[in-house]
Amino acid sequence: MAKATGIRSIWHSMPLTRFTTRENYIWLVVSTVCIGAFMAALDASIVNVALPDMSTYFNASASLVSWVLIAYLLTLTTLLTLFGRLADMLGRRPLYTFGFLVFIVGSAACGAAVNLPMLIVSRVFQAAGAAMLQANSVAIITATVPPSVRGRAIGFQGSAQAIGLSLGPAIGGGLIALFGWRAIFYVNVPVGLIGTAMAAMILPKDKLSGKKTTFDWWGTLFMTPFLVLVMMALTEGMSWGWGSPRILGMFAGALFFLLAFIGRELKFRAPLVDMRLFKIPVFSIGNFTGLLSYLAMFGVLFLMPFYFERVLSFDSAVSGLILTAVPLGMTVAAPKAGALADRYGPRLLTTGGMALTGLAIVGLAFTVAIHASLIPMIIELILVGAGLGIFTPPNNSSVMGSLPSSRLGVGGGILNMARSLGMAMGTAISGTIMATFLALNGGVERAGGPKPPWIPATRYALYVLVALSLLASLLSVFRVAAGEKATTVEKMPLEW
């Protein structure tokens with residue numbers, strides 16, 4: 001008992017006053033959050049380059065090994081909102097710190113896996129830790145950083161995620177070449193230990209209401225299969241066939257669980273997702289436009305490697321290097337956009353950012369069509385990322401700023417879930433358009449036969465991404481014009 005009491009006293013004595021009394025304390029908090037954002041994003045992209053090595057090592061097919069990646073994304077998506085709600089109940093600081101520990105243990109287990117099932121299960125455990133980090137990162141910043149610099153702080157957090165996504169393939173390739181595929185997991189252990197120590201010493205204490213709360217277990221049971229079925233259908237739709245009984249059955253099952261979830265949330269006194277939040281135009285439209293933004297980005301990241309490798313005959317290493325132009329543009333633009341949003345508000349930036357992305361994708365489609373040189377294509381890819389970097393920080397800041405402090409955790413979970421769904425949908429929609437066009441135009445590549453029409457297939461898929469980007473830009477206008485002044489959180493009885 002004495003030992004437990006000692007541990008609790010140490011816990012409650014933190015964060016250390018040597019950090020909290022410093023002038024730059026809020027930026028120490030942002031730096032701590034950025035470590036978690038970077039790690040979680042890095043592991044969403046670092047595994048791709050290791051899949052061929054894993055396939056050889058475990059003597060497994062590519063489709064089976066792909067579940068090392070799918071399991072991570074599925075788990076991350078399904079747990080984001082759950083951990084956001086738990087953070088509102090138990091505190092964001094302890095859950096965020098515990099998330100580092102879970103991520104470390106999961107990473108070490110992945111590196112030590114002796115067979116493929118053990119690796120996949122370990123990836124699920126690792127993703128649970130990543131979900132604890134991602135669901136609380138924006139919420140911690142929103143609760144700690146004053147509104148005058150909040151956009152800039154969220155911009156840094158967005159940059160950390162973009163850097164993680166962009167460096168994943170490069171870091172993974174280097175580690176695999178030097179030490180083998182297990183190194184991509186072991187590298188998380190020392191970085192995670194640093195993040196754990198920083199979280200325990202720096203993150204501020206949570207101000208909990210002290211009211212007795214209940215957890216919505218039925219909501220979780222309905223929401224989890226809905227998201228799993230949607231993600232599995234989007235992931236496997238191309239290989240199983242979008243009209244196959246399995247895919248149609250998954251979509252039907254997803255619809256059933258979605259309706260059951262909505263019905264539960266509207267009736268339950270303390271729901272997992274407070275549906276009243278979606279009455280706030282800034283929150284609901286901001287989440288939808290955020291989904292569209294990541295759909296556009298991952299659509300481009302899915303389509304262009306096929307063009308580079310099938311049309312320009314580049315190898316995968318060169319294609320990956322060229323594609324870093326997208327997150328590079330996002331990384332450069334995001335902090336500046338956050339700072340501008342603090343001064344001028346989100347309207348012009350969110351609208352203009354997605355318009356820039358849409359126009360850059362138009363340019364990319366024309367460059368693909370005329371088979372132009374690589375330089376204009378790289379510039380257009382940078383502008384795609386820059387537009388997203390201009391859009392994301394003010395969008396996230398306005399979405400989270402529309403919520404009361406007691407709902408920041410679940411709001412951050414929904415925001416991150418929208419991003420994950422956008423990633424999957426961007427890949428699925430772009431792949432479906434390309435595969436359909438190729439199939440209708442004799443697009444199966446055969447030795448000695450005519451080459452499939454990769455250029456028009458890529459171009460038409462890019463046009464769809466243009467339309468979705470411009471839709472996000474248009475919705476951003478309506479959100480700010482009709483929403484930010486129409487509905488305020490203070491007028492809504494969101495406290496339970």
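This is a predicted model: local features need pLDDT of at least 70, side-chain atom pairs count only at pLDDT 80 or more; totals for chains, interfaces and linings use all residues.
Buried here means under 20% relative accessible area, exposed means over 50%, and partly exposed is in between (1.4 Å probe, protein chains only). Residues are numbered from 1 along each chain as its sequence is written, and side-chain values use heavy atoms, with hydrogens and water left out.

**The chain overall**

- The secondary structure comes to 20 helices and zero strands; helices (H or I, at least four residues) and strands (E, at least two) are DSSP runs, numbered from the N terminus.
- Of the 496 residues in the chain, 55% are buried.
- Take the contacts (heavy atoms within 4.5 Å) with a separation of 6 or more: residues 24 or more positions apart account for 83% of them.

**Cores**

- A nonpolar core is a set of buried Ala, Val, Leu, Ile, Met, Phe, Trp, Tyr and Cys residues joined through side-chain atoms within 4.5 Å.
- The largest one has 119 residues, and Phe83, Met304, Leu381 and Leu462 touch the most other members.
- Helix H14 (residues 281-311) gives this core its largest share, 15 residues.
- Setting aside neighbours within four places in sequence, Leu381 is in contact with Val300, Met304, Phe308, Ile322, Leu323, Ala325, Val326 and Leu364.
- Another core lies apart from it, with 22 residues, including Ile46, Leu51, Ile120 and Ala183.

- Leu80 sits in helix H6 (residues 67-90).
- Leu80 and Ala418 are 338 residues apart in sequence, yet their C-alpha atoms are 9.8 Å apart in space.
- Helix H17 (residues 347-370) has 24 residues, so at 1.5 Å a residue it should span 34 Å; its end C-alpha atoms are 35 Å apart, which agrees. The expected span is 1.5 Å times one less than the number of residues.
- After H17 comes His371, whose phi is positive, near 60°.

**A nonpolar surface patch**

- Phe366, Tyr460 and Tyr463 form a nonpolar patch on the surface, with about 310 Å² of accessible area together.
- Tyr460 belongs to helix H20 (residues 454-483) and is partly exposed, with a relative accessible area of 39%.

Terms used:
Patches are made of residues with over 30% relative accessible area and no salt bridge: like charges are joined within 9 Å, nonpolar side chains (Val, Leu, Ile, Met, Phe, Trp, Tyr) within 5 Å. Accessible areas come from the Shrake-Rupley method with a 1.4 Å probe; for residues, only the protein chains shown count as cover. A salt bridge is a side-chain nitrogen of Lys or Arg within 4 Å of a carboxyl oxygen of Asp or Glu.
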